Amino acid sequence: MQKLIPQIDLQEIKEILKNNNFQNEIKELSELKISKHEKSVRKRFYKLILNNGNVIHLTYGYKLKRIYQCTQKFSILLPDITCKPLFLFQNDELELLGQEFFEGVPIDVSLERNINDEKSVHFALIKIFKSLDSLIEKSTKEAFSKEFEERLNKYSSNFSKVDKILLKNILIPAILKEVKEPSPKIRWSPGDLIGKNILISNDNTFKIIDFEFANLTHFYDEDFVRLNIFSNKLIQDLPIVKERVKNVPNYTNLYFWIRQLFLSSESNTVSAFQKISLDFTSRFQVEFIKIIKSYNLSSLFLDSSNRM
């Protein structure tokens, strides 16, 4: 279980900056709404305004080094649609991550509130999808199999006995049967491409944020499944989103739900998923039943139940 951070005084953040020889003079420091009113959170977020006019986004939490490294990777790969990381300061067990500040609202909220019109949102998503497509590279069956095995071992670590039987006897065979590509492909994925992690401004500029789960993966089409599941209906109904989801291989849908079961079982992510989708459990059941029907796996369920 990841540790939570209680509400803290802004002076503590200023002291961390000072102790790490942060040379710029601070004009204003404020905690952002996303964490300000929460008594305990995994991460706290701040807006730092300097006397020279520059604005920095601060993230305060545990184990931020990987986020810093992944954000750095994406800022090199896709500099136009990401925020550049600036520094990572240590404060005992906690870390303070600074990166370019982008003034925007989640893209699904923007569409819902008519801040940006559908045409602007559609254009933003097209550019994001094309940018991600530009990162695709050829891979090998061996590399695919290795990632597949490593990730499933990780994702099943918290599963119950019944879930593990379901995974071993139904889901894994279904995924392996579906994978027919002679030459698998691989690319970097943001890891959590959902509406709230795509910010868009009044002038229609946009950025992808939050690379906590970023990874180099053969299952990169999961990005579009995730965007569809964890964004509002206005985003789901966009033609560009529908088209991408329609073209996602079935094995990627299965992989998504396996990974989602793992993430939801982690105590440090449950509350976050509840905020994103209050009816997550019912949606999981509906989507899972669709997948089972599409694979005609009913007989496999009977076989697996006899093995329990």
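Figure 1. Glu222 is buried, at 6% relative accessibility (buried means under 20% relative accessible area, exposed over 50%, partly exposed in between; 1.4 Å probe, protein chains only). Arg226 is likewise buried, with a relative accessible area of 2%. The structure is a predicted model, in which local features need pLDDT of at least 70 and side-chain atom pairs count only at pLDDT 80 or more, while totals for chains, interfaces and linings use all residues. Residues are numbered from 1 along each chain as its sequence is written, and side-chain values use heavy atoms, with hydrogens and water left out. Glu222 and Arg226 form a salt bridge (3.2 Å, N to O), a term for a side-chain nitrogen of Lys or Arg within 4 Å of a carboxyl oxygen of Asp or Glu. Both residues lie in helix H8, four residues apart (helices, H or I, of at least four residues, and strands, E, of at least two, are DSSP runs numbered from the N terminus). A network of salt bridges links Asp192, Glu222, Arg226 and Arg259.

**Figure 2. The salt bridge between Arg244 and Asp133.** The closest N and O atoms are 2.5 Å apart. Arg244 belongs to helix H10 and Asp133 to helix H5, so the pair ties together parts that are 111 residues apart in sequence. Asp133 is partly exposed, at 28% relative accessibility.

**Figure 3. The salt bridge between Glu93 and Lys3.** The N to O distance is 2.8 Å. Glu93 lies in the loop between strand S6 (85-91) and strand S7 (94-100), and Lys3 in the segment before strand S1 (5-6), so the pair ties together parts that are 90 residues apart in sequence. Lys3 is partly exposed, with a relative accessible area of 41%.
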